[in-house]
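I opened this notebook to record what I looked up in the model. The entries follow in the order in which I made them.

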Amino acid sequence: MAKDILKSTAIYTLLGFLPLAFAVLFTPIYLEYLGKSEYGILNLFLLYSGLLTQVYGLGIPSGFGFYYWDVYKNQNSLKKLVSNTISFLLIIQLIFISLGIIFGKNIISIIVNDSDAFSYSPYFLVMLIYSGIMVFYELFLYYFRNEENLKMYTISSISTLVLFTLGSILGVIVLDLKATGAILGRTLGYGLVVIIFLMYFVRKFGFSIDLHYYKKLFLFSFPLFINAIIGSVAYSMDRLLVERFISIEVLGVYGFAIVIISVIEIWFNALNNALSPTLYRFINESIEEKSKEIQGVAHIIILSVMFLTVLVIAILIPTLKLLIPTTFHEVANYVPILAVGYIWKVFTFLSCYSLYVKKKTKYMPINQISYLLLTIGLGYLGFNLLGIQGIVIAVFAVKILEFIIMYFITDAVLKLPLKLYKFILISSVLGVAGFATVLLAHGNILDYLIYCIPLLTFLGLSALILKKELSNVWYCIQNRKTLFS
């Protein structure tokens, strides 16, 4: 355990946030050099790469993250886990890449509406490689985070940032390859880092092939895989609906709205990477004795995400005016609703710790299946009633329903001392504020003030009803060296 959890969290959050955040900051350059169609291709590439990454992994990186805590005190057991995980993933990837090369053209004709724009070569072929790279990148970050190896975590994060940036500049700006340049630059950036670290891991832990160990990993990880792949499809379904029902150009605009929301998601993932080992350990080993600390960590995560959410909405209009071409300004109608909806995903994620602690991962697919079905049903209904704005509203509604479903399931498995009730109330009011922001905006100078409504709402309600929670968070921060030791 780090001696100063605040310092450790700040460093890990910054390092986890930088590479992905820089991709978001690079977006204005993308939009300057790419049209709606080209940006739509890039979004479709990232969308299907995310799905394929889950297939390549079969849930094993996530399973590795939890098995680590069973073996981390025994060097031989840890070596066996790492070496077999790497070899298993390589074998799986060779199989899937071979199948993708053989059947790729048929797959493209099925999954993509405009197969002329998103072609087998180069997009699908590069996607096969990129997805495999991202599986190992996720695995390595799991290991460095759990080991609290700040040096290696820093090297992996900063090197990815530098190489990704250089690759993007070369592909998009220097060579002017449009979407192809953006995709190749991203692949090279991550690829070089992963290859170097893969050699490092093989040299340190060896390369083992143990079919019995593969079976053990697979049986534990498979429910996580089913959950992840269904979840990936579910959380991508809004973009799939846009591409299918409207066009790849509109997907480009909607995809930009998702990129803006991803700033919040990146921030949450970075915080989670920094704090989840501590939170998981408290819940797993001493849930009653550490209830105050559990609440402190959970509330720090929630408050941080809430504050960033309303801040993103508040600065949206000036950011669009200063940096983004006018053809993409339509996202101002989508972002406030999508952003306040994301807060409910944080509640769902924190509630699901009880399933991991009690090894009840078999319940996770229930969450993703319900999310998928709700997204398809409400998304289709919303599109027919209000077009793309209806899909946006459907995404908001589904995230609330997802939390409600999982709250009852997780509470029955293990009741966690998270105390979310006041935060749920604030999120409900912020939902109203997000809708009001969109309805009241009229494209004039008053929009600068209107888009501050959620921020002012959050600050006012926090001061009014979160006094005890804020005090608890401050107590945890002040006494972090003793409470988290």
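Which are the buried residues of helix 12 (residues 316-323)? I found Leu316, Ile317 and Leu320. They lie on the same side of helix 12, because they cover an arc of only 100° around the axis; the arc is that of the directions from the helix axis to the C-beta atoms. I took buried as under 20% relative accessible area, exposed as over 50% and partly exposed as in between, with a 1.4 Å probe and protein chains only. Helices (H or I, at least four residues) and strands (E, at least two) are DSSP runs, numbered from the N terminus.

Basis of the entries. The model is predicted: local features need pLDDT of at least 70, side-chain atom pairs count only at pLDDT 80 or more, and totals for chains, interfaces and linings use all residues. Residues are numbered from 1 along each chain as its sequence is written, and side-chain values use heavy atoms, with hydrogens and water left out.

Overall fold. I noted 21 helices and zero strands in the protein chain. Of its 485 residues, 57% count as buried. The C-alpha atoms fill a box of roughly 65 × 60 × 40 Å along the principal axes.

Salt bridges. I required a side-chain nitrogen of Lys or Arg within 4 Å of a carboxyl oxygen of Asp or Glu. The structure holds four such salt bridges.
- Lys422 and Glu469 meet through their side chains at 3.6 Å, N to O. Lys422 lies in helix 17 (residues 421-440) and Glu469 in helix 20 (residues 467-478), so the pair ties together parts that are 47 residues apart in sequence. Lys422 is partly exposed at 33% relative accessible area, whereas Glu469 counts as buried at 10%.
- Asp411 pairs with Lys415, their closest N and O atoms being 3.4 Å apart. Asp411 is partly exposed at 30%, and Lys415 is exposed at 52%.
- Arg239 and Asp238 form a salt bridge at 4.0 Å, N to O; both residues are buried.

Surface patch. I looked up a nonpolar patch on the surface whose members include Ile91, Phe103 and Phe207. Its residues together have about 960 Å² of accessible area. Helix 5 (residues 75-111) gives the most to the patch, with seven residues. Phe103 is found in helix 5 and is partly exposed at 42% relative accessibility. Patch residues have over 30% relative accessible area and no salt bridge; like charges are joined within 9 Å, nonpolar side chains (Val, Leu, Ile, Met, Phe, Trp, Tyr) within 5 Å. Accessible areas come from the Shrake-Rupley method with a 1.4 Å probe; for residues, only the protein chains shown count as cover.
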